[in-house]
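Hi there,

Here is the structure I promised to pass on. Have a look at it first, and then read on for what turned up in it.

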There are 2 protein chains.
Amino acid sequence: MGTKRMNGKRQDFSLTVDMVIFTVVDDTLNVLLVKRKYEPFAGIWALPGGFVEEDETPREAAERELLEEAGLSASYLEQLYTFGEPRRDPRGRVVSVAHFALVPASQLKIRAGDDAADARLFPVHNLPKLAFDHKDIIAYAVTRVGNKIQYTNVVWSLLPPAFTLSDIQAIYESIWGKKVDKRNFRKKLLSLGLLKPLSRERTGLRQRPAKLYAFKTKQFVELRRFF
Amino acid sequence: MGTKRMNGKRQDFSLTVDMVIFTVVDDTLNVLLVKRKYEPFAGIWALPGGFVEEDETPREAAERELLEEAGLSASYLEQLYTFGEPRRDPRGRVVSVAHFALVPASQLKIRAGDDAADARLFPVHNLPKLAFDHKDIIAYAVTRVGNKIQYTNVVWSLLPPAFTLSDIQAIYESIWGKKVDKRNFRKKLLSLGLLKPLSRERTGLRQRPAKLYAFKTKQFVELRRFF
DNA sequence: AGCGATTAGTGTACTTGATACACTATAGCA
DNA sequence: TGCTATAGTGTATCAAGTACACTAATCGCT
């Protein structure tokens with residue numbers, strides 16, 4: 001590995017991004033993991049990620065990884081935290097700018113990259129043994145998402161383009177881990193004025209058809225309090 | 001500068017921390033800036049900061065810089081964001097893990113470091129021309145603090161060990177930029193049960209003496225809503 | 001000693017938002 | 001046609017936020 005000197009300080013760092021890609025499947029929050037093909041931690045599950053290239057910002061690297069591993073570009077993406085424990089990677093000093101993304105399960109196209117033997121979703125509360133400090137990174141991301149949905153509507157990016165009010169409610173219930181009252185939920189949600197009803201309904205299930213909705217705008221809003 | 005290769009990716013990065021050190025003086029939120037002694041941006045004001053050493057985490061580097069520049073160790077410190085635009089530093093690829101700190105003005109011991117010609121506080125809404133992307137970093141930090149005080153009590157770390165209720169109120173008013181009702185403010189503040197009254201009062205001013213308070217605990221709490 | 005200036009300290013009524021709660025409606029399938 | 005599953009809807013209560021004005025204590029000055 002190379003070495004650099006600047007103002008007398010020795011610098012010998014690599015910079016990576018690690019991606020915590022969340023989606024909701026069967027009313028459960030899941031994370032995308034890849035099984036590592038090479039050492040260190042060969043055969044162990046890890047977050048998708050990779051090195052930041054010479055001419056990239058960390059965010060661009062994150063978007064590239066998201067496209068490579070999950071097959072999509074449009075979703076909520078946010079820088080999470082930079083993990084820089086000196087010994088977090090046995091190969092040397094590797095600093096990772098962790099990001100998290102929220103994507104609709106319907107748009108996920110999971111692909112195992114070149115350096116991965118496998119890739120699949122795991123429920124956040126039932127994770128396998130993880131490489132590096134990726135357990136810490138996921139725990140931090142889960143906490144951040146849990147806080148974020150308290151005061152923003154970012155979690156809506158987990159939804160497909162058309163959805164029912166019950167779909168949204170199921171997402172909140174799965175992340176919060178508790179049931180909420182249907183009438184109160186709808187009252188609050190509709191009072192925000194951010195949804196528009198579509199003329200279509202979801203049929204084909206043996207039950208009353210549900211009205212479909214879409215977002216008036218894709219912008220995210222900060223709310224003083226959500227629920 | 002050196003170069004490193006890992007998995008075929010060329011890596012040639014330096015890692016720094018930049019510190020946004022906030023304090024409140026005369027009911028105004030201020031930031032500590034240093035005047036650069038050397039190129040690039042010699043003579044221009046900049047955030048204090050420096051390189052992350054080989055055996056340090058970014059947080060440890062931030063604590064070290066805080067001690068070197070502001071003369072204190074105990075205060076609120078949080079990682080803000082990692083800035084990694086490829087051309088943000090004309091010397092080469094320098095990635096900065098920005099942190100922000102909240103410190104009581106009474107404990108600030110401003111020292112111009114070796115590489116600084118001067119160091120002083122500036123009101124956040126009256127900043128000089130700044131080096132690098134430090135204007136962006138400060139703007140982001142101000143936004144973060146503004147949001148943070150909505151749902152946590154971290155801003156209390158701007159206060160000295162003993163303070164009056166009016167002191168706290170002045171800090172909130174200075175950050176929010178608006179007056180709040182004294183009775184409502186006190187009602188809410190005391191109902192949190194996080195303060196303990198001291199037996200002392202603040203006298204010597206030509207006015208009614210004010211009761212002094214201290215924190216029962218130095219822990220920070222998340223509140224659903226603060227004011 | 002008294003007065004003026006300055007900030008400290010205190011309670012209630014109203015408004016707004018959150019919560020608790022149960023029944024009817026519709027489609028698919030047997 | 002009736003069984004099952006989920007959609008859809010309103011009201012009453014409770015908790016919290018907001019609006020609002022006067023008296024109290026000390027210091028310094030005359």
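In what follows, Asp, Glu, Lys and Arg count as charged; Ala, Val, Leu, Ile, Met, Phe, Trp, Tyr, Cys and Pro count as nonpolar; and the others, Gly among them, count as polar. On that basis, the surface near DNA strand D has 14 charged, 5 polar and 4 nonpolar residues. Please keep in mind that this is a predicted model.

Of the atoms of DNA strand D that come within 4 Å of the protein, 41% belong to sugar and phosphate. Helix H4 and strand E11 of chain A, along with H4 of chain B, each supply at least two residues of this surface. H4(A) gives the most, with 5 residues.

- Arg208(A) has a polar side-chain atom 3.3 Å from a base nitrogen of DNA strand D.
- Arg208(B) places a polar backbone atom 3.0 Å from a base nitrogen of DNA strand D.
- Lys211(A) has a backbone N or O atom 2.8 Å from a phosphate oxygen of DNA strand D.

On chain B, helix H4 (residues 182-191) is capped at its N-terminal end by Asp181(B), with a side-chain oxygen 3.0 Å from the backbone nitrogen of Arg183(B). Just after H4(B) comes Gly193(B), with a positive phi of about 70 degrees.

Now to the aromatic rings. There are 24 aromatic pairs over all chains. In one of them, the ring centres of Tyr76(A) and Phe100(A) are 6.1 Å apart and the planes meet at 50 degrees, so this pair is tilted. Tyr76(A) belongs to strand E7 and Phe100(A) to strand E8 of chain A, so the pair ties together parts 24 residues apart in sequence. Tyr76(A) is buried at 13% relative accessible area, and Phe100(A) is buried at 1%.

In chain B, Tyr76(B) pairs edge-to-face with Phe220(B), at 5.1 Å centre to centre and 85 degrees between the planes. Tyr76(B) is in strand E7 and Phe220(B) in the segment after strand E11, so this pair links parts 144 residues apart in sequence. Tyr76(B) is buried at 12%, whereas Phe220(B) is partly exposed at 39%.

Finally, Arg120(A) lies over the face of Phe122(A), 3.9 Å from the ring centre. In chain B, the charged end of Arg120(B) sits over the ring of Phe122(B), 3.9 Å from its centre.

Best wishes

Note on methods: Residues numbered from 1 in each chain as written. Chains lettered and ligands numbered in written order. Predicted model: local features only at pLDDT ≥ 70, side-chain atom pairs only at ≥ 80, totals over all residues. Heavy atoms only, no water. Polar contact = N/O pair within 3.5 Å; in protein donor to acceptor, adjacent residues only side chain to side chain. Helix = DSSP H or I, 4+ residues; strand = E, 2+ residues; numbered from the N terminus. Near = heavy atom within 4 Å. Phe/Tyr/Trp six-rings, centres within 6.5 Å; stacked < 30°, edge-to-face > 60°. Buried < 20%, exposed > 50% of the residue type's maximum accessible area, 1.4 Å probe, protein only. Lys NZ or Arg CZ within 6 Å of the ring centre and 35° of its normal.
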